[in-house]
Amino acid sequence: RSVHTAKQSGSQPVFKGVVFGLWGVVARPSFAAHEEGWEASRDIPVGTFRRLAQMDGGVIQRCLDGEIGTTEAGARLQQQMQEEGIHGCEEFTAMDITMQIRKVVDASKVNEEVVEAISTLRVAYGMQTALLCKQWFKTGKSLSAPTTQQRKDQMSTLFHRIVESKHRGVSRVDPMLYEMVSRELELSPEQVIYVDSRPRHLVPALAAGMKTVLFTTPTDAIKQLEKILQLQLVDRA
């Protein structure tokens with residue numbers, strides 16, 4: 001494809017940049033091996049971790065976003081499982097759960113369809129792209145992203161900016177962060193679309209002036225972007 005400028009009809013703003021959240025959008029934790037092994041062997045209902053991880057604002061999501069460390073997440077998750085009366089959780093410690101959270105994150109996968117769309121935005125259409133996360137690598141006991149250098153190198157080719165909110169001293173729920181990301185792309189918030197799987201992150205982005213897209217599945221999110229931008233982002237042949 002040749003380079004194009006994204007155009008919107010009428011008096012709508014011309015979007016020139018798209019910012020993506022990391023967890024649940026570009027990268028997703030993998031639960032398959034975990035469910036087949038750890039949960040099944042301990043008679044925990046298969047899919048328990050997956051269900052808890054998909055709770056917006058839940059313990060595992062807060063851990064993936066780097067808001068709390070894995071040790072704290074393990075203790076909170078154990079308490080939550082006990083309060084829900086989940087059979088089998090009485091026999092292991094919070095540290096056992098902590099190790100399982102780490103294994104789930106280490107087995108994380110990249111959403112290939114999303115990666116294709118991002119590459120098309122940047123290379124084919126000349127749009128500014130950015131990745132927003134709490135922090136990229138593990139620091140101490142916190143986790144917020146895929147941890148291999150190879151994956152970081154891959155992401156660096158997709159994004160003009162990788163913005164880590166921890167190093168900017170601004171919370172993910174502060175509109176100032178989204179204004180900051182826009183400035184780094186040399187755009188106004190009104191020229192930027194923000195894609196995230198967490199509604200609590202979309203609220204401040206919207207308050208800053210960005211157009212927001214709630215990520216539920218790769219296909220749905222890409223179709224929403226294509227509708228807004230009036231561009232084809234993936235090859236469906």
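Within helix H4, the buried residues (buried means under 20% relative accessible area, with a 1.4 Å probe and protein chains only) are Thr 70, Ala 73, Gly 74, Leu 77, Gln 78, Gln 80 and Met 81. They cover an arc of only 165° around the axis, taken from the directions from the helix axis to the C-beta atoms, and therefore lie on the same side of H4. This is a predicted model, in which local features need pLDDT of at least 70 and side-chain atom pairs count only at pLDDT 80 or more, while totals for chains, interfaces and linings use all residues. Residues are numbered from 1 along each chain as its sequence is written, and side-chain values use heavy atoms, without hydrogens and water.

Helices (H or I, at least four residues) and strands (E, at least two) are DSSP runs, numbered from the N terminus. Just after H4, Gly 85 takes a positive phi of about 70°.

Five strands form an open sheet in the order S5-S4-S1-S6-S7, with parallel pairing, where two strands pair if DSSP finds at least two bridges between them. The edge strands, S5 (161–164) and S7 (211–214), each pair on one side only. Strand S4 (residues 128–133) is joined to S5 by four bridges, and Ala 130 has Arg 161 in S5 as its bridge partner.

| Helix | Strands | Angle |
|---|---|---|
| H6 (residues 112–124) | touches S1 (17–21) and S4 | about 155° with S1 |
| H11 (residues 218–229) | lies across S1, S6 (192–196) and S7 | about 155° to S7 |

Notes. Contact means heavy atoms within 4.5 Å. Axes are lines fitted to C-alpha atoms, for helices over the stretch in contact, and angles run from 0 to 180 degrees between N-to-C directions. Buried means under 20% relative accessible area, exposed over 50%, partly exposed in between (1.4 Å probe, protein chains only).
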